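Okay, everyone, thanks for coming. Let me put the structure up, and then we'll walk through a few parts of it together.

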Amino acid sequence: MSERPAAIDAPPAGAFEDMLRIVEELDTPDGYKAELIRGKIVVSPWSKLRYKRAMKSLRLQLEPHAPTGHDVDVAPFLFTFPGAGRGFGPDLHVADEAAFDAEGRHADGAALSLVAELTSVSTKDADWLDKLDVYGRVVPVYLVLDMQAEEITAFWDPSAKGYRSRTTLPFGKPLHVPAPFDFELDTSRFAVHPDGDVQQ
């Protein structure tokens, strides 16, 4: 598999449930995930190794502020948005633990209270366009860590037309994560330098 996402043709009918079934049955190589993006099944690599410290820092800071009964994790779970015909596997998610009591291999996107995506050159467009549009109608908070620009953007206040509010700051500046989290996020450990080191 290459670094770049690869689209797989869907059945002619293109029905969401048919595509979801195909995603569930795909035997993706270790380190890859399959998502439903813009009506296509897209297989792409999970986050790069050098992003692990940033993801861990984000997870540890979110955990004490997560809503009661919500779990913060970076495990590769697919969250579905049937109304939009999408299924995403975010880099980090905060979701109601009850969503994982169901049978099957995907969870309801309505269970999410926050998602975070760490951009890469190959997935950046989906993070900023398709995922932003879908998350912006359902998920209370969406964080985009733009690893190339070394900036973090918080989106919140979802509506039928997408998020109503956003804030962008460079890595190193504290970011207020809105309700239901309501705390100042330390972003100083998010910058990754070419040699793989995280900014101290």
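So, of the 200 residues in this chain, 45% count as buried; buried means under 20% relative accessible area, exposed means over 50%, and partly exposed is in between, using a 1.4 Å probe and protein chains only. Keep in mind that this is a predicted model, where local features need pLDDT of at least 70, side-chain atom pairs count only at pLDDT 80 or more, and totals for chains, interfaces and linings use all residues. Residues are numbered from 1 along each chain as its sequence is written, and side-chain values use heavy atoms, with hydrogens and water left out.

What does the secondary structure come to? Four helices and 14 strands. Those are DSSP runs numbered from the N terminus: helices are H or I with at least four residues, strands are E with at least two.

Let's start with helix 1, residues 16-25. Phe 16, Met 19, Leu 20 and Val 23 are buried there.

Next, some strands. Strand 10, residues 141-146, runs antiparallel to strand 11, residues 151-156, and six bridges join them. We say two strands pair if DSSP finds at least two bridges between them. Asp 146 has Glu 151 in strand 11 as its bridge partner. These two strands make a hairpin with four residues between them, and in the turn Glu 150 has a positive phi of about 55 degrees. Strand 11 also pairs with strand 12, residues 165-170, again in the antiparallel sense and over six bridges. Look for Trp 156 there, opposite Ser 165 in strand 12.

Last stop: Ala 116, which sits in strand 9, residues 112-118. Is Ala 116 buried or exposed? It counts as buried, because its relative accessibility is 0%. What is Ala 116 in contact with, leaving aside neighbours within four places in sequence? Leu 58, Pro 90, Asp 91, Leu 92 and Leu 143, where contact means heavy atoms within 4.5 Å. And Val 144 is 28 residues from Ala 116 in sequence, yet their C-alpha atoms are 5.7 Å apart in space.
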